[in-house]
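Open your viewer and get ready to click along. Please show me around this structure, stop by stop, and tell me what to select next.

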Amino acid sequence: MPGCNGDKDAMNTFTQSALFFAVAALTPLAVQANMAELSDADLRAVQGQATLGPGFQAYRAEMGSMWSDLTTVQGKSAALHYAGWGSVMTGYTITASTGAAYVAVNKAPFPVNQLGALTLPVWYAGAGIGLTGVFLLNLNGE
């Protein structure tokens with residue numbers, strides 16, 4: 001029917017407006033961007049500064065030992081073994097990352113430091129997943 005393109009025209013106008021605002025918002029960032037050539041000495045200096053924090057080093061070590069346990073099948077059932085260790089590792093990853101986020105948020109100034117309570121439900125969910133994995137491993141005789 002003629003004249004029934006109102007939804008299509010409105011959507012086209014909305015799309016054009018969204019594109020305009022996106023370009024307008026990102027233009028200052030694009031204008032400030034520039035390339036800086038680094039010498040070999042500069043690159044070595046930057047690489048020397050890239051160190052892992054103690055929390056991430058402990059996480060990597062713990063996940064490495066869990067991975068070794070995962071790849072060595074034990075117990076009555078291989079399926080329970082993999083499900084159990086997979087759940088333990090997933091739960092540990094969730095609790096470790098949300099715990100680190102909770103600490104980081106609590107160190108932030110007000111009002112950001114009030115957001116720490118948002119990470120607690122996720123931490124509890126990760127702990128539940130990990131404990132389910134421990135239960136499966138005990139059920140498997142590990």
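Here is a short tour, from the whole chain down to single residues.

**Before you start**

This is a predicted model, in which local features need pLDDT of at least 70, side-chain atom pairs count only at pLDDT 80 or more, and totals for chains, interfaces and linings use all residues. Residues are numbered from 1 along each chain as its sequence is written, and side-chain values use heavy atoms, with hydrogens and water left out.

**Stop 1: the whole chain**

Now colour by pLDDT, the predictor's confidence in each residue, from 0 to 100. The chain has a mean of 78, and 68% of its residues reach 70 or more. Where is confidence lowest, and where is it highest? Helix α1 (residues 6-32) has the lowest mean, 58, while helix α5 (residues 119-139) has the highest, 93.

The accessible surface comes to about 10,600 Å² (Shrake-Rupley method, 1.4 Å probe; for residues, only the protein chains shown count as cover). Carbon and sulfur atoms hold 67% of that surface. Of the 142 residues, 15% count as buried (under 20% relative accessible area; exposed is over 50% and partly exposed lies in between, with a 1.4 Å probe and protein chains only).

**Stop 2: α3 beside α4**

Select residues 54-71 for helix α3 and residues 78-107 for helix α4. Two packed helices are described by the angle between their axes and the distance between the axes. Here the axes come within 10 Å and cross at roughly 175 degrees (axes are lines fitted to C-alpha atoms, for helices over the stretch in contact, and angles run from 0 to 180 degrees between N-to-C directions).

On α3, the residues taking part include M63, M66 and W67; on α4, they include W85, M89 and Y92. The contact divides into 12 nonpolar, three polar and two charged residues (nonpolar: Ala, Val, Leu, Ile, Met, Phe, Trp, Tyr, Cys and Pro; charged: Asp, Glu, Lys and Arg; polar: the others, Gly among them).

Click E62 in helix α3. E62 is partly exposed, with a relative accessible area of 35%. Its C-alpha atom is 9.3 Å from that of Y92, 30 residues apart along the chain.

**Stop 3: W85**

Go to W85 in helix α4. Is W85 buried or exposed? W85 is buried, with a relative accessible area of 14%. Leaving aside neighbours within four places in sequence, W85 is in contact with M66, D69, L70, L137 and E142.

**Stop 4: I94**

Stay in helix α4 and select I94. I94 is partly exposed, at 24% relative accessible area. Not counting residues up to four places away in sequence, I94 touches V122, G126 and I129. The C-alpha atoms of I94 and V122 are separated by 7.4 Å, although 28 residues apart along the chain.

**Last stop: T119**

Finish at T119 in helix α5. T119 is buried, with a relative accessible area of 14%. Which residues does T119 touch, not counting those up to four places away in sequence? They are T98, A101 and Y102.

How values were computed. Helices (H or I, at least four residues) and strands (E, at least two) are DSSP runs, numbered from the N terminus. Contact means heavy atoms within 4.5 Å.
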